Amino acid sequence: MHKVLPVTQRQPLLNVAHSRQLEAQAAAALPAHTLMARAGLAVAKLAHALAAPEACIWIVCGPGNNGGDGLIAARWLHQAGRRLRVQCLADLSRLPADAAWAAAAAHAAGVTLERSLELDCAAGDLLIDALLGMGLSRPAEGLLAAAITAVNRSAATVLAVDLPSGLQADTGQALGEALRADHSLSLLSLKPGLFTAQGRALCGTLWHDDLGVVSPIEADAWLSGAQTLQAWQTRHRRTADSHKGSFGDVLVVGGAPGMAGALQLAAGAALSAGAGRVYACGLDDGANVGVIRCGRAELMHCPPERLAQPESQSQATVVAGCGGGAAITPLLPNLLRHAARLVLDADGLNAVAASTDLQALLRQRASAGQSSILTPHPLEAARLLGISTSEVQADRLHSAQLLAEGFAATVILKGSGSVIASPSTTPSINSSGSAALATPGSGDVLAGWLGGMWAQAEEQPTQELAAAACYWHGLAADGWAGPLRASDLIEQMAAHHGR
Ligand SMILES: NC(=O)C1=CN([C@@H]2O[C@H](COP(=O)(O)OP(=O)(O)OC[C@H]3O[C@@H](n4cnc5c(N)ncnc54)[C@H](OP(=O)(O)O)[C@@H]3O)[C@@H](O)[C@H]2O)[C@@H](O)CC1
Ligand SMILES: Nc1ncnc2c1ncn2[C@@H]1O[C@H](COP(=O)(O)OP(=O)(O)O)[C@@H](O)[C@H]1O
Ligand SMILES: [K+]
């Protein structure tokens with residue numbers, strides 16, 4: 001058993017169908033109930049470590065095998081002499097086979113099984129949520145719903161078995177009210193929903209026990225970690241004979257009236273990421289004056305008129321749309337036709353969403369050998385897909401993959417647990433980052449930084465590049481309790497350049 005975050009090597013994530021396949025394969029090779037025995041023991045060990053010796057440990061068990069894990073944990077904790085209250089909120093005669101075995105084992109060991117919900121936890125108590133796991137099929141109702149509400153109101157520290165009850169393992173969306181845990185112990189496989197949408201917020205500190213099973217099943221998604229960034233930094237270490245021309249040019253187009261800051265942030269980020277030359281192309285005179293005055297004397301200026309010349313973009317990495325407003329729209333046909341490498345963000349994405357012509361130009365880029373990375377937040381993704389934001393969030397992996405296939409581009413669907421998807425590629429979920437990034441301009445920094453990295457790594461597969469950039473962006477915010485101002489974020493990211 002180990003804490004999952006921070007992640008170094010990427011970790012495979014299995015959806016519910018594949019987790020069940022893995023469970024069935026492993027169970028077939030082991031004596032009956034072995035997996036549940038191992039799962040319950042793992043839960044008991046973690047609970048024993050988390051709860052102070054005098055604390056009461058409460059266990060609420062539901063109608064499936066998640067409840068069975070809780071019952072086996074109850075048996076071990078009882079035998080360890082822990083103070084326990086175990087409430088089994090299911091019809092014991094209808095438990096599945098493993099859970100029925102667990103109930104019998106708990107009973108035989110002398111555990112008292114209460115049959116009603118009565119949570120009167122004190123601060124310092126530990127409450128184990130064994131209500132619902134991967135088998136969640138509909139919003140909880142009745143006693144189970146009441147239990148989730150009661151747990152959320154309780155003063156105890158909450159440990160969720162496998163995943164917080166009410167959280168959907170495949171998507172990270174809550175189905176009805178979901179339980180908010182302080183710790184979650186994922187069993188056998190890691191599931192995508194633990195890491196994206198509401199998953200990170202609901203799981204608390206995440207632990208994993210693989211129950212001694214090595215998975216032969218192909219990942220449905222990867223959880224990307226520090227290794228993506230380390231690989232990039234190793235590969236792009238500066239050699240003694242390098243010069244600024246070795247690190248590529250970035251052209252940042254944005255900063256419509258009133259949005260000069262977005263241009264400054266993106267251009268500043270591209271510079272700090274290490275691009276050789278960064279040209280800021282403001283869509284408003286005010287934005288260009290702002291760039292001159294922003295204290296980044298290294299930035300150069302590119303007038304928008306120059307974008308009419310294809311050669312201005314054919315060698316550069318272009319970052320377009322940060323604070324672009326409506327003024328970005330007339331420039332996009334040229335950018336989409338000529339930019340060798342294009343990061344499309346914010347209003348650049350909104351303009352594409354509003355125009356089938358621009359959509360066609362974006363799609364054609366891949367067949368012309370030009371690469372694109374789209375960086376939508378959920379609302380921008382919704383506009384591009386022609387659906388609502390909640391539909392995007394209902395399945396972030398699927399939404400990102402749809403965009404990637406539809407536009408033949410790499411897509412970063414931002415938000416808690418950013419999803420990185422590329423056509424015909426297993427998607428990944430970024431494991432770094434926190435709500436410290438929920439500040440204005442942090443997306444502009446990501447787009448600019450990505451452009452700055454790409455300019456130095458023209459041949460790097462965009463899926464890897466995007467994963468490394470997301471990890472870097474999130475890493476800079478990890479450990480920050482409060483908000484991280486976007487301009488400070490750039491400095492924090494710069495502090496993580498390899499030595
Ligand atoms: N596979 C593994 O990796 C391993 C799995 N293990 C453990 O098993 C767990 C999966 O067990 P599980 O399949 O029995 O599902 P679980 O979540 O306990 O609940 C299913 C029951 O709840 C019911 N139900 C569903 N929604 C409901 C609702 N809203 N309100 C009320 N009822 C609802 C549902 O009823 P139904 O939908 O069939 O009508 C069914 O009766 C897994 O998370 C892990 O903890 C480990 O022991 C070993 C390795
Ligand atoms: N709660 C959060 N946890 C992790 N990352 C977050 C969170 N909120 C925002 N972010 C990240 O911050 C960035 C915000 O981007 P965006 O929404 O485009 O902001 P802006 O338009 O203000 O620049 C994205 O990279 C997103 O993934
Ligand atoms: K649970």
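As the model is predicted, local features need pLDDT of at least 70 and side-chain atom pairs count only at pLDDT 80 or more, whereas totals for chains, interfaces and linings use all residues. Residues are numbered from 1 along each chain as its sequence is written, chains are lettered from A and ligands numbered from 1 in the order in which they are written, and side-chain values use heavy atoms, with hydrogens and water left out.

We may begin with ligand 1, which sits in the largest pocket. Here a pocket is an open set of points, on a 1 Å grid over the protein atoms alone, where a 1.4 Å probe fits, with protein on both sides within 12 Å along at least five of seven lines; a molecule sits in a pocket if more than half of its atoms lie within 2 Å of the pocket's grid points. The shell around ligand 1 holds 22 residues (a residue is near a molecule if one of its heavy atoms lies within 4 Å of it). Glu23, Asp69, Gly133, Arg138 and Asp162 are the closest of them. Helix 1 (16-28), helix 2 (34-50) and helix 3 (65-79) each contribute at least two residues to this shell, and helix 3 gives the largest share, three residues. Helices (H or I, at least four residues) and strands (E, at least two) are DSSP runs numbered from the N terminus. By class, the shell comprises 11 nonpolar, six polar and five charged residues, where Ala, Val, Leu, Ile, Met, Phe, Trp, Tyr, Cys and Pro count as nonpolar, Asp, Glu, Lys and Arg as charged, and the others, Gly among them, as polar.

Ligand 2 sits in the second largest pocket. Around ligand 2 there are 17 residues, with Lys414, Gly415, Gly441, Ser442 and Gly443 coming nearest. Helix 17 (residues 442-456) gives the most to this shell, namely four residues. The shell around ligand 2 divides into five nonpolar, 10 polar and two charged residues. Backbone atoms take part here: a polar backbone atom of Gly415 is 2.8 Å from an oxygen atom of ligand 2, and a polar backbone atom of Gly441 is likewise 2.8 Å from an oxygen atom of the ligand. From Ser442, a polar side-chain atom lies 3.2 Å from an oxygen atom of ligand 2. The protein covers 77% of the 570 Å² of accessible area that ligand 2 has on its own.

Cys56 and Asp129 are 73 residues apart in sequence, with their C-alpha atoms 14 Å apart in space. Glu141, in the loop between strand 6 (126-130) and helix 5 (142-153), counts as exposed because its relative accessibility is 64%. Helix 12 (residues 346-353) is mostly covered, with six of its eight residues buried: Ala346, Gly348, Leu349, Asn350, Ala351 and Val352.

Methods:
1 Å grid on protein atoms, 1.4 Å probe; cavity = no way out; pocket = protein on both sides within 12 Å on 5 of 7 lines; lining within 4 Å. Polar contact = N/O pair within 3.5 Å; in protein donor to acceptor, adjacent residues only side chain to side chain. Areas by Shrake-Rupley, 256 points an atom, 1.4 Å probe, with all protein chains shown as cover. Buried < 20%, exposed > 50% of the residue type's maximum accessible area, 1.4 Å probe, protein only.
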